[in-house]
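Let's take a walk through this model together.

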Amino acid sequence: MSDNATAPVSTSECPICLDDLKNPVSTPCGHLSCEECLNKHIEGSADPYKSTCPTCREDFPIVTPDLARVPDKYKPFVNPSIRRVYIPGGDNATNELKQELDGLYARIAKLTLEKEQMAQRNKDTADALDRFRQGEKDARSQAKAAKREVEVMRRNADGLRHEIQTMSKHLRDRDILLGQSTAEANSNRNKYEEMKGKYHGLKARFVP
């Protein structure tokens with residue numbers, strides 16, 4: 001191991017870009033770098049199987065064995081060479097995390113409220129659809145009842161029409177009979193007047 005491993009190392013500055021750590025990751029020796037910077041450092045390594053720590057120059061493997069070929073009893077001991085780390089940033093970082101957490105809670109509450117509102121809208125829509133279907137069913141029943149009433153009225157109208165036709169025929173027959181009776185009555189009246197005239201004529205001749 002290089003002597004640099006024992007030297008004080010900054011936990012907020014990347015040894016590669018010399019800027020504040022962004023998405024810090026740790027090498028097996030415990031030194032920190034930006035994830036992007038370390039990836040570029042590894043890509044520039046001459047050895048395809050290992051690289052060196054940019055801080056202490058200690059070698060570390062960059063090839064992870066295929067876990068499918070590793071016996072189960074050894075899998076817990078197989079760890080990636082590069083690990084993401086979280087560096088506490090004091091009160092400011094805590095406050096930022098708290099604010100972020102509060103924002104997430106607020107977002108969850110908002111989404112929960114929107115979910116409840118959507119569920120209520122869905123229920124209202126389902127209820128309205130049920131009412132519409134019931135109204136449609138009632139309207140169809142009323143239409144069928146009205147159709148039956150129309151059929152009854154049509155049959156009644158046909159019956160009345162038949163009765164009117166029958167009565168009209170009876171009236172015509174009666175008028176014919178009345179006409180015949182009137183003609184006969186007039187003929188009898190004429191005969192009566194004629195006989196009455198003859199009677200008065202005979203009476204005038206024979207009665208002094």
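A bit of housekeeping comes before the tour. This is a predicted model, where local features need pLDDT of at least 70, side-chain atom pairs count only at pLDDT 80 or more, and totals for chains, interfaces and linings use all residues. Residues are numbered from 1 along each chain as its sequence is written, and side-chain values use heavy atoms, with hydrogens and water left out.

Let's begin with the cysteines. The structure has zero disulfides, a disulfide being a pair of cysteine sulfur atoms within 2.5 Å. For cysteine 34, the closest cysteine sulfur belongs to cysteine 14, and at 3.8 Å that is too far for a bond. Cysteine 53 has its closest cysteine sulfur in cysteine 29, at 3.4 Å, again too far for a bond. Cysteine 34 is buried at 4% relative accessibility, and cysteine 53 is buried too, at 1% (buried is under 20% relative accessible area, exposed over 50%, partly exposed in between, with a 1.4 Å probe and protein chains only).

Leucine 101 is partly exposed, at 40%.

Last stop: isoleucine 82, in the loop between β4 (59-61) and β5 (83-84). Isoleucine 82 is partly exposed at 29%. Leaving aside residues up to four places away in sequence, its contacts (heavy atoms within 4.5 Å) include Val25, Leu38 and Phe60. Asparagine 39 sits 43 residues away along the chain, with 9.7 Å between its C-alpha and that of isoleucine 82.

Methods: Helices (H or I, at least four residues) and strands (E, at least two) are DSSP runs, numbered from the N terminus.
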